[in-house]
Amino acid sequence: MNIKIHPRKLKGSLVVPPSKSLSHRAIIAASLAHGTSVISNVVLSKDILATIEGMKAFGAKITIEDHTLTIVGTKVQRCKDQIDANESGSTLRFLIPIALVNEEPICFTGKNQLVHRPLDAYFEIFEQLGISYTHKQQEYLPLHLHGKLKPDTYYLRGDVSSQFITGLLYALPLLEGDSKIIITTELESKGYIDLTLDILKQFGIIISHQNYKEFYIKGNQSYCPCNYMVEGDYSQVAFFLVAGALGADIKLYGMRKDSYQGDKKIIEDIIKMQGNLRYEEDYICCNPSQTVGTTIDFSQSPDLGPALTVLASLSKGTSLFIKASRLRIKECDRITCMRQELEKMGAKIEEFSDGMKIEGVEKLKGAILDSHNDHRVAMALAMASLKTEGEIVIKNAECVSKSFPDFWDVFKALGGEIIYE
């Protein structure tokens with residue numbers, strides 16, 4: 001599906017969709033708990049549906065009513081011998097260690113870019129523990145596994161993806177003995193680990209750590225049921241705050257000021273760019289601003305890359321994006337793809353292996369753009385239309401269903417003029 005957008009000012013209010021990161025984590029924890037949990041304020045995006053189906057494959061009973069899940073958890077068992085992660089990296093990397101709590105063979109599948117997203121951090125562990133694994137030579141999926149985790153000391157890099165650490169943090173408490181995770185490099189995306197530890201605590205799992213360098217996991221722990229409401233997603237609010245800086249008038253409800261989300265850094269980044277952002281008692285907004293270029297570190301918040309690339313392209317002066325190499329291993333290479341698409345619109349961007357240099361321009365021009373099947377690229381390009389002369393077309397715009405299925409309806413309700421092609 002292609003979307004044609006005629007530039008219009010966006011105005012209105014929005015209850016921000018719930019955090020996808022927290023939704024994944026709460027669903028998994030509830031599915032491992034002995035008893036019934038209710039998880040509310042859940043958007044059934046493709047990624048979340050993949051996790052729901054994955055946990056059903058482990059024996060959890062999950063019923064869905066509107067945006068609420070009732071989950072009857074269970075010990076890990078094998079109800080299916082295959083789990084389809086679809087395009088969800090979180091589903092795949094979180095569930096692999098959980099699957100290995102049980103020794104029965106299992107196969108993980110997926111599609112599109114997910115089959116190329118690295119799993120080497122786990123492969124090193126498999127080889128250490130003697131866990132059998134097979135996959136195609138040039139692809140990571142389908143991945144066939146046979147073996148079992150055991151209490152041990154696990155060594156993981158901290159600069160590849162925190163998802164590997166989270167997967168182990170969910171599985172290791174279920175083993176009979178104690179384990180330790182040692183991080184061998186600087187830990188990036190600490191915010192995501194904080195989300196994991198907070199959810200685990202709410203579901204009865206206690207894990208201690210020494211300055212995020214060593215994690216200590218007691219075995220023989222049990223997940224306890226918990227009723228949990230998912231808070232608004234800062235990685236989604238980023239697009240609308242950028243829109244506000246570019247001229248929109250949008251009040252954003254449902255955000256926690258004291259959130260553990262690493263993508264809350266969008267507040268700091270926009271303020272650093274001199275965006276006129278403010279928190280009110282129950283909403284947040286960004287008023288139209290003459291933002292200026294600055295240096296932004298993406299080591300803790302790679303998902304903010306597409307939105308901030310748009311804002312930097314329309315800011316006065318030069319922006320430098322640093323420590324951004326993980327943008328290249330998302331649903332697409334978000335450094336190259338954002339550069340390619342925004343250059344079609346007249347942006348001035350130079351890319352490096354781990355970042356970008358962006359010279360701001362006053363206006364962009366209409367163009368035919370490709371989402372590269374990446375939900376965050378599509379949403380970022382939509383916000384670029386606010387300061388575009390002429391209409392834009394975004395190809396493969398349906399990819400927003402990965403995290404925000406109603407995005408185009410919301411965009412239209414806020415005053416966006418779109419045509420489905």
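I began with the largest pocket, which holds about 310 Å³ of space. On a 1 Å grid over the protein atoms alone, a pocket is an open set of points where a 1.4 Å probe fits, with protein on both sides within 12 Å along at least five of seven lines; its volume is the space filled by probe spheres set on the points. I found 17 lining residues, with Lys75, Val76, Val101, Leu174 and Leu175 nearest the centre; a lining residue has an atom within 4 Å of a point. By class I noted 7 nonpolar, 6 polar and 4 charged residues, with Asp, Glu, Lys and Arg as charged, Pro among the nonpolar and Gly among the polar.

**Ground rules.** I am working with a predicted model, where local features need pLDDT of at least 70 and side-chain atom pairs 80 or more, while totals for chains, interfaces and linings use all residues. Numbering runs from 1 along each chain, and side-chain values use heavy atoms, without hydrogens or water.

**Thr91.** Last, I checked Thr91 in helix α3. Thr91 counts as buried because its relative accessible area is 1%. Beyond four places in sequence, Thr91 is in contact (heavy atoms within 4.5 Å) with His24, Asp47, Ala50, Thr51 and Ala85.

Definitions and conventions. Helix = DSSP H or I, 4+ residues; strand = E, 2+ residues; numbered from the N terminus. Buried < 20%, exposed > 50% of the residue type's maximum accessible area, 1.4 Å probe, protein only.
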